[in-house]
Amino acid sequence: MQEEALNAIRGADTLEALQSVKTQYLGKNGLVTAQLKTLGTLTPDERRERGAAINLLKQILEAATQARENELRQAALEARLASEAIDVTLPGLALPAGGLHVITRILYELSDIFTSLGYAVVEGQEVEDETHNFDALNMPAWHPARDLQDTFWLENGQVLRTHTSNMQIRYMETHEPPLKIVVPGRVYRYEATDATHESMFHQFEGLVVGEGITMADLKGAIAEMGRAMFGKNARVRFQPSYYPFVEPGADFAIWWDQEQRWLELGGSGMVHPNVFRAVDDLREARGLTRIYEGKTGFAFGLGPNRIAMLRYGIPDIRYFYANDLRVLTQFRGDLNSTAPHARAPKETM
Ligand code: FA5
């Protein structure tokens, strides 16, 4: 019986099977228990001998059952650990990462270029009054640029600024020369949209004022920007142009080597004396010194959307603001490359 029982115990491959083997031999109605019940029919000597033998058998089977149970529990634990094992060397799940908008990147890049040339970065308001958006920029009420078609007027008589040039006036009104600033920002025009025109778009303005500033300084600054944006062989072209707030005025283009053509970027020129006069009037009204008349300076304003369209081959300006992730995620890129711009000190007026 011992051999038979031990085989059954060792052969039990689940805890349930082991339990039924145990019951079969050691249970209340089990085979070993039945043996004990026969002891009463024996002589005292036989009973002692046989009793000891049955007890020994009982102990052996109990020990074997316990050992088998330990084995089965250990195996179950190992199986569970194996099935739940985590491989910490596997690569993690990639979460979708956001990034800076392509226009933001261009504005940061431009800000960084001019910061390295000693310019301060200034941002300002998009809701503006006529004085700062038009009048002080030598654009009196009769000027064609003030045509209602071009401007979003608010009910209170203010406008959504049509260009970042408003910040030329705002900055000079409260700061003394010499000064060098650039102004990235949003502007608005009441225009039908098409592939190259939006009613909301971005501009990047520059203003330098001091003593003896010349057209050569303007060309140097634009050429420097061109080289930094488009490589050291970039060439700059100036063509005469008219803006009421500069004299002389010039549009500038950069030679786009890859495309073998000129890329019209924006307008520029020497700050018009009427602008300095208007700024001094505004300063005087604030109780500040008239300090700008007789100074010299240059200004420029360009469209960063155009840089992005041509640099990345984006055929339609409306893609920039449509929030289509299929477009935007193409410019997630390396955030480190723009980190210094994000850290550059910025004055908000
Ligand atoms: C101006 O806005 C002048 N303030 C620029 C300036 C500043 C001249 C300082 C002289 C001195 P203009 O309207 O040309 O100029 O606009 C400048 C640039 O903004 C254009 O070259 C073009 O790149 C961009 N732009 C103009 N209108 C739109 C539009 N509707 N959608 C997208 N980009 C536009």
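1. A helix here is a DSSP run of H or I with at least four residues, and helices are numbered from the N terminus. Keep that in mind as you look through this predicted model. Helix 8 spans residues 215-230 and holds both E224 and R227, three residues apart, which is about one turn of the helix. These two form a salt bridge, with their closest N and O atoms 3.2 Å apart. E224 is partly exposed at 33% relative accessibility, and R227 is partly exposed at 35%.

2. E126 and R186 form a salt bridge, their closest N and O atoms being 3.6 Å apart. E126 sits in the loop between strand 1 (120-123) and strand 2 (127-128), while R186 belongs to strand 4, 60 residues apart.

3. There are 19 salt bridges in the structure. Some join up: R277, D281, E284, R290 and E293 are linked in a network. Within it, the closest N and O atoms of the E284 and R290 salt bridge are 3.3 Å apart.

4. Have a look at the backbone too. The peptide bond from P177 to P178 is cis, with omega near 0 degrees, and P178 lies in the loop between helix 7 (166-174) and strand 4 (179-188). Another cis bond runs from E247 to P248, with omega near -5 degrees; P248 is in strand 7 (residues 246-256).

5. Finally, check N323. Its phi is near 55 degrees, a positive value in a residue other than glycine. N323 is found in the loop between helix 10 (304-312) and helix 11 (325-328). Because its relative accessibility is 57%, N323 counts as exposed; the cut-off is over 50%.

Conventions. Residues are numbered from 1 along each chain as its sequence is written. This is a predicted model: local features need pLDDT of at least 70, side-chain atom pairs count only at pLDDT 80 or more; totals for chains, interfaces and linings use all residues. Side-chain values use heavy atoms; hydrogens and water are left out. Helices (H or I, at least four residues) and strands (E, at least two) are DSSP runs, numbered from the N terminus. Buried means under 20% relative accessible area, exposed over 50%, partly exposed in between (1.4 Å probe, protein chains only). A salt bridge is a side-chain nitrogen of Lys or Arg within 4 Å of a carboxyl oxygen of Asp or Glu.
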